[in-house]
Protein chains: 2
Amino acid sequence: MRVLVVYAHPEPRSLNGRLKDFAVERLRMSGHDVQLSDLYAMCWKATVDSADFPSRTAPHPLSIIAASQHAYATATQTADVATEQRKLLWADTLILQFPLWWFSMPAILKGWIDRVYAFGFAYGVGEHSREKWGERYGEGTFKGKRAMLSVTVGGWAEHYSERGINGRIDDVLFPINHGILHYPGFDVLPPFVAVYQADWIDDARFHVTLKEFGTRLDAIGHTPPIPYRKQNGGDYVIPTLELKPGLSAARHGLAIHLADAAEIRSVTR
Amino acid sequence: MRVLVVYAHPEPRSLNGRLKDFAVERLRMSGHDVQLSDLYAMCWKATVDSADFPSRTAPHPLSIIAASQHAYATATQTADVATEQRKLLWADTLILQFPLWWFSMPAILKGWIDRVYAFGFAYGVGEHSREKWGERYGEGTFKGKRAMLSVTVGGWAEHYSERGINGRIDDVLFPINHGILHYPGFDVLPPFVAVYQADWIDDARFHVTLKEFGTRLDAIGHTPPIPYRKQNGGDYVIPTLELKPGLSAARHGLAIHLADAAEIRSVTR
């Protein structure tokens with residue numbers, strides 16, 4: 001497989017840095033091709049601004065969507081953005097390695113998404129009309145590729161449990177797993193979540209974590225993805241994109257966007 | 001009142017820019033003191049790195065938490081961070097004005113949170129032990145202050161409805177409202193969400209939006225906050241911080257962290 005690891009932590013010797021090193025080595029030893037985007041080492045520009053659209057001459061107000069569409073379509077994006085897009089097209093598997101800071105990704109990684117996810121590339125793909133609202137959520141540029149988060153999380157696992165105060169980890173990660181990965185087409189694997197306390201992890205716990213991570217990495221090519229529903233798979237009303245009545249009748253909250261177990265069985269049978 | 005508006009869009013003539021201008025003017029005309037942090041105009045540094053901790057001399061690996069704690073406690077933070085912290089302490093009300101990019105805030109605003117929210121200031125506040133897990137979620141540095149998101153959102157309102165494909169807007173915003181605002185103590189007002197389509201908004205719709213926004217701004221001092229439960233209010237088991245059995249029995253998903261209507265009535269009666 002061809003794996004792109006995008007990694008966001010300023011300290012190579014951090015838990016995240018060590019998990020990134022471990023992943024790259026483990027995957028290469030298993031015979032996979034690996035590319036690494038080490039955003040801090042690359043001094044990645046985090047902020048979307050007019051400098052991202054060097055061919056833009058109009059005195060009109062900057063519309064990010066229109067400028068992104070034009071730059072992508074005319075191959076006038078900045079070189080750093082185009083390079084990352086090529087890596088995404090090359091890869092069949094994407095791993096994002098980052099610490100959960102304030103219940104989301106570090107700014108530098110959010111800025112990688114904001115800039116690399118161009119109109120026509122990661123959104124604005126396919127017909128947009130009252131009959132079809134684009135190729136999204138299971139379709140799009142990354143259809144058929146796999147993605148997995150590897151996140152480190154402070155606090156206790158219970159704080160992220162079904163009734164934990166921080167919110168269920170699957171709900172906290174929904175804007176990323178569903179909104180950033182499934183939206184442009186990825187099959188999203190269950191996240192690998194390393195829980196630590198107070199910014200440290202002892203050696204015994206670290207080795208357990210590596211063992212668990214290794215097992216996940218070894219299985220990355222055949223782990224069943226999170227069964228998010230596809231936008232154009234018949235489950236949503238077009239164009240309001242509301243889940244059709246009767247589906248997920250026994251589910252609530254963000255989990256309604258998972259296919260019911262019976263539906264999953266009927267698909268895989 | 002003293003209102004801090006933090007605004008994140010690169011184009012002053014954008015919908016976000018116009019909403020920011022409107023908010024600042026409306027609040028000032030109502031007699032409030034307003035400070036504005038225009039992150040793009042300030043060239044805000046979005047990325048946390050070792051340059052944020054200029055007094056750090058140790059050759060040890062950079063721990064963001066430890067470095068942040070030390071810099072905050074010894075008043076050796078960078079000037080930009082300290083200035084924003086002073087604005088937060090000055091304000092009794094915070095408004096974050098931003099476009100929802102990829103179901104979260106623009107990287108430059110996330111970087112404002114990542115950098116300004118120091119250990120000892122926005123987290124790591126209060127006793128942390130098995131008897132108490134800090135002053136969080138309704139307590140902390142910003143206790144008694146109010147905060148409100150003003151976000152612009154692409155697509156249709158239905159896409160963010162109870163069964164909409166993007167996820168219910170309250171769930172999508174939970175990591176921000178609950179995790180970034182309620183965590184360090186803010187009372188969080190219901191968000192003002194301006195829904196637009198395809199990066200434009202016509203004049204008629206814009207004026208309706210301004211009218212609605214004006215109503216929200218006029219009421220900002222007395223709008224009832226989202227009834228998030230307080231960590232140390234007796235609803236969560238310490239130290240696992242799981243919601244106690246029986247509470248929110250009729251709720252599911254992230255909404256369990258709202259107090260039940262009956263509980264709210266009993267508090268306000």
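This is a predicted model: local features need pLDDT of at least 70, side-chain atom pairs count only at pLDDT 80 or more; totals for chains, interfaces and linings use all residues.
Biologist: Through which surface do the copies meet?

Modeller: Contact joins 56 residues of chain A with 56 residues of chain B. Of the interface residues of chain A, 100% are also interface residues in chain B. The copies therefore meet through the same surface.

Biologist: Which helix of chain A gives the most to the side that touches chain B?

Modeller: Four helices of chain A each supply at least two residues there: α2 (64–73), α4 (107–116), α5 (169–172) and α6 (174–182). The top contribution is six residues, and it comes from α4(A).

Biologist: How many nonpolar residues does that side of chain A have?

Modeller: Sorted by class, the side of chain A that touches chain B has 10 charged and 17 polar residues. The nonpolar residues number 29.

Biologist: In chain B, how is α3(B) oriented to α4(B)?

Modeller: Take the axes of α3 (residues 79–90) and α4 (residues 107–116) of chain B. They come within 10 Å and cross at roughly 90°. Angles of 65 to 115 degrees count as roughly perpendicular. So α3(B) is to α4(B) roughly perpendicular.

Biologist: Which residues of α4(B) does α3(B) meet?

Modeller: The contact of these helices has three nonpolar, one polar and two charged residues. From α3(B) come V81(B), E84(B) and Q85(B). In α4(B) they meet W112(B), R115(B) and V116(B).

Methods. Residues are numbered from 1 along each chain as its sequence is written. Chains are lettered from A and ligands numbered from 1 in the order in which they are written. Two residues are in contact if their C-beta atoms, placed from the backbone, lie within 7 Å. Ala, Val, Leu, Ile, Met, Phe, Trp, Tyr, Cys and Pro count as nonpolar, Asp, Glu, Lys and Arg as charged, and the others, Gly among them, as polar. Axes are lines fitted to C-alpha atoms, for helices over the stretch in contact, and angles run from 0 to 180 degrees between N-to-C directions. Angles under 35 degrees count as roughly parallel, over 145 as roughly antiparallel, 65 to 115 as roughly perpendicular and the rest as oblique.
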